[in-house]
Amino acid sequence: MRYLTERKRAEGKGASGTGTEHHWYMTVSAAGLAVMIPTFLVVFGRALGSSQDDVLAVFARPFPAILTALVLVVGLQHFRRGAEAMIEDYVRGLNRKLAIIFVITFTYFLMATGIYALARMAL
Amino acid sequence: MPDVKQVERPLSPHLQIYRPQLTSVSSILTRITGNALIVGVVLAIWWLLAAATSPEYFARVDAVATSWFGDLVFTGSLWAIWYHYLAGLRHLFFDAGKGLDIATAEMLGWGCIIGSVVLTVLTLFLV
């Protein structure tokens, strides 16, 4: 028997093994998104509803392309962790694992698709 | 293997016992809006992909994105993103250890709800 006290078990990175990583990531990405989202809404909102040529012209410019790429990557990583936390709260056992795997792979699929579309318009 | 003591922990009152309060409703709305935003993101990325692909594909997807269904999704997403935005700022404020007394927390809750509607209407008119 090892003489571990309750405190000793919780020390270091704690029971999760990842410490405050999740919380800190959400804090950092939230701060980044808070800066980017208002401008992104203007860029995307103006592009939406215009002709294809206008859409191509917008995302061929560096600022809208880089901003949209950043919002997609950071936003989807932020989503992934939030959705994962929700699944961990409400789903158990095998379904939990399957749901988390689905969220992570689907998030990467969306990221790759978005970046591909942006690259094709920007380059 | 440390020997784990099973402790009888007290069960705190939970969702089915508490009546909804502004703080709990504004908290769960943060989760709902954040997760629901994936619908708007999927439609937006599909639309970007179509624009990058061909005029025919763009015409097809743009018809969906600008239909009543697209309007519903994007307008809903717009409110969801503004609500989640304000609620997120509130989280950062709480994390700094500020605004945690009930009166301030409830005021910030109303701020998120009213503010998100105002910002949604402003965005719809200005953009």
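1. Confidence. In this predicted model, chain B has an average pLDDT of 92, and 96% of its residues score at least 70. For the model as a whole, ipTM is 0.90 and pTM is 0.89.

2. Nonpolar core. The largest nonpolar core contains 36 residues. Within this core, B:L48 and B:A51 have the most contacts. Both chains supply elements with two or more residues in the core: from chain A, α2 (21–47), α3 (52–60), α4 (62–90) and α5 (93–122); from chain B, α1 (22–53), α2 (55–65), α3 (68–95) and α4 (102–126). The top contributor is α3(B), which gives nine residues.

3. Surroundings of B:A51. Leaving aside residues up to four places away in sequence, B:A51 touches A:Q52, A:V55, A:L56 and A:M121 in chain A, and B:F58 in its own chain.

4. Contact between the chains. Chain B puts 28 residues into the contact and chain A puts in 29. On the chain B side, α1, α2 and α3 are the elements that give two or more residues. Of these, α1(B) provides the largest share, at 13 residues. Sorted by class, the chain B side consists of 20 nonpolar, five polar and three charged residues.

5. B:R60. This residue sits in helix α2 of chain B. Is B:R60 buried or exposed? B:R60 counts as exposed because it has 12 other C-beta atoms within 10 Å, and the cut-off for exposed is 12 or fewer. B:R60 lies 10 residues from B:A50 in sequence, and their C-alpha atoms are 8.3 Å apart in space.

6. Packing of α3(B) and α4(B). Two packed helices are described by the angle between their axes and the distance between the axes. For α3(B) and α4(B), the angle is about 140 degrees and the axes are 8 Å apart. Their crossing is right-handed.

7. Residues where these two helices meet. From α3(B) come B:L78, B:W79, B:W82, B:Y83, B:L86, B:A87 and B:R90. They meet B:L108, B:G111, B:C112, B:G115, B:S116, B:L119, B:T120 and B:T123 of α4(B). By class, this helix contact has nine nonpolar, five polar and one charged residues.

Definitions and conventions
Residues numbered from 1 in each chain as written. Chains lettered and ligands numbered in written order. Predicted model: local features only at pLDDT ≥ 70, side-chain atom pairs only at ≥ 80, totals over all residues. pLDDT = per-residue confidence, 0-100. Core = buried A, V, L, I, M, F, W, Y, C linked by C-beta atoms within 7 Å. Buried ≥ 20, exposed ≤ 12 C-beta atoms within 10 Å, placed from the backbone. Helix = DSSP H or I, 4+ residues; strand = E, 2+ residues; numbered from the N terminus. Contact = placed C-beta atoms within 7 Å. Nonpolar A, V, L, I, M, F, W, Y, C, P; charged D, E, K, R; others polar. Axes fitted to C-alpha atoms, helices over the stretch in contact; angles between N-to-C directions. Left-handed = near helix turned anticlockwise from the far one by under 90°.
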